[in-house]
Amino acid sequence: AICNSQQYPCPEEDYDRCTFTGFYSAINAVNDGGVPLTFSVNRADFVDNAYGVKTREMNNASVLFSDFEIGYLWYCGAGIYSDDVTGFAFEENNFNKYTGGPQGNYFGIIINNSNAVNEVYRNNFNGMSYANFSDGKNWRDDYRYEGLAYYCNENTNNYADFYVNDYEYPDHSGIQSEQGNDNYTAGNTFTQSGATWHFYNGGEHLVQYFYNQNASYEIPDYPDKTYHVAITAENDDNTCPSHYGEPQWDLILSAQQR
């Protein structure tokens, strides 16, 4: 988005945002894995698209500060679909079902076979069938303690907040086995009413989930709305700072890092 203001940082209302409406795939970025290219999306609006951003083998992609009103085709729709992609930054986006969309399966972010250390961080999901959906091998090599993690995401009115697809031999399925640790809670919030799953793990290994026991909306409903998940209460608050563009925090990336 172009900023139409001289102020720094740019006020949100002064960004001239891009808009994509009514597509099968609003942005479709595909690589063969052999060319070091990538792309970024920053402050865009996706309205009634079956797929907002769909990408395959395009490492280091970033989708930031964007709004997805997810459309529908052939019984489903998704905000971001990522297949064989690693090094991504999917952060601070909003995901909702398109108003008036028919009944179907609506996915916020689908991650398939990332095969490395990655995060989905600080997004908002509302009214999704599956807010965060993981399929395939989403961990590094044979070391399941390093892989895909979910931190600081906010969930409301979803059928499933986090869903790791079922493992069927010989195909792999799973995410990083520890979501957080003793000194760093995951910081996600869960749908407070109406959810069937807070965290469903159909993967081939157990997930250990660390949460802040002092924040009721961050406590998963165990065992009724979790599956193959062990939970650990901690007396720790994850403040969930932005990784981008908020000068009051020390955790700021340089232009090269972004």
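**Close-up views of rings and strands**

**View 1. Two charges over rings.** The charged end of K54 lies over the Y51 ring, 4.3 Å from its centre. For R43, the charged end sits over the ring of F65, 4.3 Å from the centre of that ring. A charge sits over a ring if NZ of Lys or CZ of Arg is within 6 Å of the ring centre and within 35 degrees of the ring normal. This is a predicted model: local features need pLDDT of at least 70, side-chain atom pairs count only at pLDDT 80 or more, and totals for chains, interfaces and linings use all residues. Residues are numbered from 1 along each chain as its sequence is written, and side-chain values use heavy atoms, with hydrogens and water left out.

**View 2. A stacked pair, F46 and F68.** Rings of Phe, Tyr and Trp (its six-membered ring) pair if their centres lie within 6.5 Å; planes under 30 degrees apart count as stacked, over 60 as edge-to-face and the rest as tilted. The count comes to 27 aromatic pairs. Among them, F46 and F68 are stacked, at 4.5 Å centre to centre with 5 degrees between the planes. F46 belongs to strand 6 (residues 44-49) and F68 to strand 9 (residues 67-70), so their pair ties together parts 22 residues apart in sequence. Strands (E, at least two residues) are DSSP runs, numbered from the N terminus.

View 3. Six strands line up in the order 3-6-9-12-15-19, with parallel pairing; two strands pair if DSSP finds at least two bridges between them. Strand 3 (18-21) and strand 19 (154-156) stand at the edges, each with a single partner strand, so one side of each has no neighbour in the sheet.

Terms used: Helices (H or I, at least four residues) and strands (E, at least two) are DSSP runs, numbered from the N terminus.
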